[in-house]
Amino acid sequence: MLPQPMIAVHDVPASSRWYQQLLGCESGHGGDEYEMIVNDRGTLVLQLHRWEAHEHPFMGDPSKKPYGNGALLWFESPAFDEAVARAQQMNAEIVDGPLFNLNAQHREIWVRDPDGYIVVIASPFGEASG
């Protein structure tokens, strides 16, 4: 089984560009209503779906904020330093970090995406223990 997270966003193309830049990934689908963000091996990393597109009764209500309250979009990256540099270059809103997580023995940076979701990029678990 593989995770295939999907979030609802207001502007799929803009969110796609933001996530592609932050994560160092690319478009796997493209479009105004739906997008698949894939890594360099073509593996699905994140799905983006426009709030108002199609009739999905459990997609959520765009009038209720904050989006994703209680859920984090968490990505592990072996290229953590490059991810931090990309976040800084794109002036992403950094809400915490870069920091060292003593429990997981790895580094993290927490950013807010254009719709307000919290995105965490972490170096590999245990990376700093050896």
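Is W74 buried, partly exposed or exposed? In this predicted model, in which local features need pLDDT of at least 70, side-chain atom pairs count only at pLDDT 80 or more, and totals for chains, interfaces and linings use all residues, W74 is partly exposed, with a relative accessible area of 36%. Residues are numbered from 1 along each chain as its sequence is written, and side-chain values use heavy atoms, with hydrogens and water left out. The terms of accessibility are set by a 1.4 Å probe and protein chains only, buried being under 20% relative accessible area, exposed over 50% and partly exposed in between.

W74 is found in strand β5, which covers residues 73–76; strands (E, at least two residues) and helices (H or I, at least four) are DSSP runs numbered from the N terminus. Together with L72 and F125, W74 forms a nonpolar patch on the surface, and the accessible area of these residues together is about 320 Å². Such areas come from the Shrake-Rupley method with a 1.4 Å probe, and for residues only the protein chains shown count as cover. Patches are made of residues with over 30% relative accessible area and no salt bridge, like charges being joined within 9 Å and nonpolar side chains (Val, Leu, Ile, Met, Phe, Trp, Tyr) within 5 Å.

Helix α1 (residues 12–23) packs with helix α2 (residues 80–89) at an angle of about 140°, and their axes are 7 Å apart. Axes are lines fitted to C-alpha atoms, for helices over the stretch in contact, and angles run from 0 to 180 degrees between N-to-C directions. The two helices, α1 and α2, are therefore oblique to each other, given that angles under 35 degrees count as roughly parallel, over 145 as roughly antiparallel, 65 to 115 as roughly perpendicular and the rest as oblique. At this packing, Q21, L22 and L23 in α1 meet A83, R86 and A87 in α2, contact meaning heavy atoms within 4.5 Å.

Side chains of opposite charge can pair when their charged atoms come close. A search of the whole structure finds 6 salt bridges, each being a side-chain nitrogen of Lys or Arg within 4 Å of a carboxyl oxygen of Asp or Glu. One of them joins D81 to R107, with the closest N and O atoms 2.7 Å apart. Because D81 lies in helix α2 and R107 in strand β7 (residues 106–112), this pair ties together parts that are 26 residues apart in sequence. D81 is partly exposed at 48%, and R107 is likewise partly exposed, with a relative accessible area of 25%. Salt bridges that share partners also join E33, R50 and E52 into one network, in which the side chains of R50 and E52 meet at 3.9 Å, N to O. A salt bridge of 3.5 Å, N to O, is formed by the side chains of D40 and R41, where D40 counts as exposed at 68% relative accessibility and R41 as exposed at 65%.

The peptide bond from K65 to P66 is cis, with omega near 0°, and P66 lies in the loop between β4 (44–50) and β5. The peptide bond from G97 to P98 is also cis, with omega near 0°, and P98 is found in strand β6 (residues 93–101). Phi of N91, a residue other than glycine, has a positive value near 55°; N91 lies in the loop between α2 and β6.
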